[in-house]
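User: Please examine the model shown here and answer some questions on its confidence, sheet and backbone.

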Amino acid sequence: MHPTQPHHLRHLTLSLLMALTLSTTTYAADTPAPEPAPNTTAPSGVGADNLLISAVAWKQTAAEYRALYYQGYNMARLQLEKALREHKDGDKPLAVVTDLDDTVLLPLAYWGYLINHKQDFFDDAAWDKWIPKNQMVVAPGAAEFLKFAADNKVEVFYVSSRDQGEKTFEYALAQIKAAGLPFADEAHVTILRDTSNKETRQKEIAEKFEVALFLGDNLNDFQRKYYTKDVDERIKLMEEDKNQYGSKYIVFPNPTDGHWVRAIFGESEPPASDANRETFQKAATRNSWDGN
Ligand SMILES: [Mg+2]
């Protein structure tokens with residue numbers, strides 16, 4: 001199952017679509033165009049007009065995408081320094097609670113795989129097969145920030161939602177260790193296999209620690225109350241806590257998947273279908289100029 005549990009998406013501009021179409025149809029007269037790989041899950045929207053292309057291209061190439069991680073971790077450091085200054089003897093020890101996927105580890109190669117295989121919706125089977133390969137990229141700024149926390153005796157707790165069977169925890173722990181991140185041990189790593197609800201674990205940690213910061217790419221990483229299927233309600237709930245963002249909650253960008261997808265489709269991993277492509281198009285035109 002996917003990390004923050006939900007998923008995927010896509011969007012794309014006409015200009016990008018046109019550019020891709022042009023670039024992929026220029027073959028020498030005597031060179032036959034390669035046959036597209038067979039697609040077994042989707043009836044259409046699987047080539048250069050793949051719904052995921054724009055979002056994945058951004059994740060793979062945009063300096064802005066990486067800068068947002070630095071921005072988030074720089075902000076996290078400022079807030080943690082403030083918490084350390086204000087921390088008094090007798091107070092509960094400070095802690096940081098962080099999500100894993102798309103927060104400290106970036107699954108870029110997985111999304112590239114989907115594009116190469118003409119898939120335009122999150123593919124759970126491919127995700128589960130890819131996770132053990134450990135091709136995660138450490139998010140820009142993550143290692144430095146978590147080391148800063150460790151150096152200042154602030155414990156870091158990783159709380160993630162994943163399910164790759166019996167070895168789920170083993171795979172996750174190995175990735176945290178391979179990334180060289182601190183507190184890579186059983187006491188600090190929680191992998192929820194059958195739920196995306198992190199609240200129980202967050203409360204357990206908060207009993208013993210003063211949680212200075214929550215880090216995540218999904219509002220669910222901060223509070224479960226945001227877990228609603230209604231787009232407007234979800235935005236409203238977030239607005240209620242607007243002062244917490246950049247303060248106690250540090251949010252990272254994720255245009256490919258998350259509970260925002262669930263709010264559109266009613267499920268985190270909607271199947272590849274033309275009906276779902278239409279639903280996505282409706283979401284993209286929710287606010288649109290009429291041309292006049
Ligand atoms: Mg995540």
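Analyst: The term pLDDT denotes the predictor's confidence in each residue, from 0 to 100. This is a predicted model, in which local features need pLDDT of at least 70, side-chain atom pairs count only at pLDDT 80 or more, and totals for chains, interfaces and linings use all residues. Residues are numbered from 1 along each chain as its sequence is written.

User: What pLDDT does the protein chain average?

Analyst: Of the residues, 84% score at least 70. The protein chain averages a pLDDT of 88.

User: In what order do the five strands form the open sheet?

Analyst: Strands (E, at least two residues) and helices (H or I, at least four) are DSSP runs, numbered from the N terminus. Two strands pair if DSSP finds at least two bridges between them. The pairing here is parallel, and the order is 5-4-1-6-7.

User: Which are the edge strands?

Analyst: An edge strand pairs on one side only. The two are strand 5 (189-192) and strand 7 (249-251).

User: Which residue in strand 7 is the bridge partner of phenylalanine 214?

Analyst: Strand 6 (residues 210-216) pairs with strand 7 in the parallel sense over three bridges. The partner of phenylalanine 214 in strand 7 is tyrosine 249.

User: Is lysine 153 buried or exposed?

Analyst: Lysine 153 lies in the loop between helix 6 (142-151) and strand 4, and its phi is positive, near 60 degrees. A residue is buried if 20 or more other C-beta atoms, placed from the backbone, lie within 10 Å of its own, exposed if 12 or fewer, and partly exposed in between. Because lysine 153 has 9 other C-beta atoms within 10 Å, it is exposed.
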